[in-house]
Amino acid sequence: MGIIGWIILGLLAGGIAKILLPGRDPGGLIGTTLIGVAGSFIGGWLSVKFLDRPIPNHFFDLATWGSAIAGSLVLLIVYRILFGNSRD
């Protein structure tokens with residue numbers, strides 16, 4: 001899967017992470033989207049590095065989606081802890 005595939009996966013993973021973790025984020029839609037893209041890259045890297053799971057060549061792999069969503073959720077939680085809810 002190429003870089004464009006990871007970016008698309010990250011956009012979708014960021015949206016899913018936002019649905020799973022609702023609330024107002026300091027960065028809004030753009031910040032959440034960028035967190036999703038970064039989370040998918042980090043989740044994929046951690047999956048390869050520590051779980052010894054190779055990156056598949058196809059887009060629809062459940063483990064890849066799970067790692068991308070998990071990475072997005074973790075980054076979204078860390079982002080909320082660090083930057084708080086500054087739009088109140």
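1. A crossing of two helices is called left-handed if the near helix is turned anticlockwise from the far one by less than a right angle, and right-handed if clockwise. By that rule, α1 passes α2 in a right-handed crossing. The contact (heavy atoms within 4.5 Å) involves Ile3, Trp6, Ile7, Gly10, Leu11, Gly14 and Lys18 on the α1 side. From α2 come Thr32, Thr33, Gly36, Val37, Ser40, Phe41 and Gly44. These residues divide into six nonpolar, seven polar and one charged. Here Ala, Val, Leu, Ile, Met, Phe, Trp, Tyr, Cys and Pro count as nonpolar, Asp, Glu, Lys and Arg as charged, and the others, Gly among them, as polar.

2. Basis of the model. This is a predicted model, in which local features need pLDDT of at least 70 and side-chain atom pairs count only at pLDDT 80 or more, while totals for chains, interfaces and linings use all residues. Residues are numbered from 1 along each chain as its sequence is written, and side-chain values use heavy atoms, with hydrogens and water left out.

3. Confidence. pLDDT is the predictor's confidence in each residue, from 0 to 100. The chain averages 76, and 84% of the residues score at least 70. Confidence is highest in α3, at a mean of 82, and lowest in helix α2 (residues 28–50), at 78. Where pLDDT is low, the predicted coordinates should not be read in detail.

4. Overall fold. The chain has three helices and zero strands. Its pattern along the sequence is α-α-α. Helices (H or I, at least four residues) and strands (E, at least two) are DSSP runs, numbered from the N terminus. Of the 88 residues, 34% are buried. Buried means under 20% relative accessible area, exposed over 50%, and partly exposed in between (1.4 Å probe, protein chains only). Among contacts with a separation of 6 or more, 82% join residues 24 or more positions apart.

5. Geometry of α1 and α2. The two helices pack at an angle of about 115 degrees, with axes 7 Å apart. Axes are lines fitted to C-alpha atoms, for helices over the stretch in contact, and angles run from 0 to 180 degrees between N-to-C directions.

6. α1 against α3. Helix α1 (residues 3–20) packs on α3 at about 60 degrees, with the axes 8 Å apart. The pair is therefore oblique. Angles under 35 degrees count as roughly parallel, over 145 as roughly antiparallel, 65 to 115 as roughly perpendicular and the rest as oblique. This crossing is right-handed. Among the residues that make the contact are Trp6, Leu9, Ala13 and Ala17 of α1, and Trp65, Ile69, Ser72 and Leu76 of α3. The contact residues divide into twelve nonpolar, three polar and two charged.

7. Serine 72. Which helix holds serine 72? Serine 72 sits in α3 (residues 62–83). Serine 72 is buried, at 1% relative accessible area. Leaving aside neighbours within four places in sequence, serine 72 is in contact with Ala13, Gly14, Ala17, Ile35, Gly36, Gly39 and Ser40.

8. Isoleucine 7. This residue lies in α1. Isoleucine 7 is partly exposed, at 32% relative accessible area. Not counting residues up to four places away in sequence, isoleucine 7 touches Val37 and Phe41.

9. Tyrosine 79. Tyrosine 79 is found in α3. At 21% relative accessibility, tyrosine 79 counts as partly exposed. Tyrosine 79 and isoleucine 35 are 44 residues apart in sequence and 8.5 Å apart in space, C-alpha to C-alpha.
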